[in-house]
Amino acid sequence: MLFCALMVVINRNPVASALCLVVSLIMLAGLFTTLNALFIAVVQVLVYAGAVMVLFLFIVMLLDIKTEIRRRLNFLAVAACFVAVIGIFYKMYQGIASIPVSRGPVPHATVDVKLLGTELFRNYLLPFEITSLILLVALIGVVHLCKKEETL
Amino acid sequence: MSVIGLHHYLIVSALLFCIGLGGVMIRRNVLIIYMCLEIMLNAGSLALVAFSHFNGAINGQILVFFVITVAAAEVALGLAIIVAYYRLKQSTHVDDMTSMKF
């Protein structure tokens, strides 16, 4: 999975990059199933690997983006980015290492959809409704953005 | 073979986040930068689900559910903006997006 994610960054061709991202997302869904989060895994495959990536591939092919020509990279900038990423990962690793080792995995029943849905509609009803509003706003925004360009 | 614990998942999540971060900083194509943003969001989701599993709480999974929903909306809007910009400038290269430069 990490290799595929790395290929997304390294690949020069946007289509190949997007396909690597699909593989990486599906593998992440597999990782979710090992954590007993079956519903999240299914949603991950459906929404991310399905809808979002189809959107990405559609846009890449619609805009007909060619393989990037080999630009002269600013090696100083790339080296600086590399150092920054390594530094951030080091700090993260320190933080993770400072977490005390727990006494093994908690005996934990598989979170089924029923439990998740009950929790979602009992304690998280307001955020759920706000999410639906966000989706509506995004829908209207997209339609507006595309419409305006045509009339101009 | 040792048992896979919380730390292993968190380290994978941190690595994934760092790959996404490096991609955002190094790549110069807006679409690739967008994909790297998705990778970073997924790294956050992985950490949330891992915490939720190892603490026996369900709240993390509900938060991930909301994150996925918002990410879908965000991708739709961002791609619409990219398409509108491409029509204007015929480019998706961040070096060409200098019209708001002071």
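Modeller: Ala, Val, Leu, Ile, Met, Phe, Trp, Tyr, Cys and Pro count as nonpolar, Asp, Glu, Lys and Arg as charged, and the others, Gly among them, as polar. The model is predicted: local features need pLDDT of at least 70 and side-chain atom pairs pLDDT 80 or more, whereas totals for chains, interfaces and linings use all residues. Residues are numbered from 1 along each chain as its sequence is written, chains are lettered from A and ligands numbered from 1 in written order, and side-chain values use heavy atoms, without hydrogens and water.

Biologist: How many residues of chain B are in contact with chain A?

Modeller: Contact means heavy atoms within 4.5 Å. Chain A contributes 69 residues, and these meet residues of chain B numbering 64.

Biologist: What area is buried between chain A and chain B?

Modeller: Buried area is the accessible area (1.4 Å probe) lost by two parts on being put together, summed over both. Carbon and sulfur atoms give 81% of the area between chain A and chain B, the total being about 6,300 Å².

Biologist: Which residues of chain A lose the most area to chain B?

Modeller: Three residues together account for 11% of what the side of chain A buries. They are Leu35(A), Tyr48(A) and Phe56(A).

Biologist: How many residues of the side of chain A that touches chain B are nonpolar?

Modeller: That side includes eight polar and six charged residues. Its nonpolar residues number 55.

Biologist: How many residues in the lining of the second largest pocket are nonpolar?

Modeller: A pocket is an open set with protein on both sides within 12 Å along at least five of seven lines. Of the 15 residues lining the second largest pocket, the closest to its centre are Leu6(A), Phe82(A), Val85(A), Ile19(B) and Gly22(B). The lining has two polar and no charged residues, and its nonpolar residues number 13.

Conventions: 1 Å grid on protein atoms, 1.4 Å probe; cavity = no way out; pocket = protein on both sides within 12 Å on 5 of 7 lines; lining within 4 Å.
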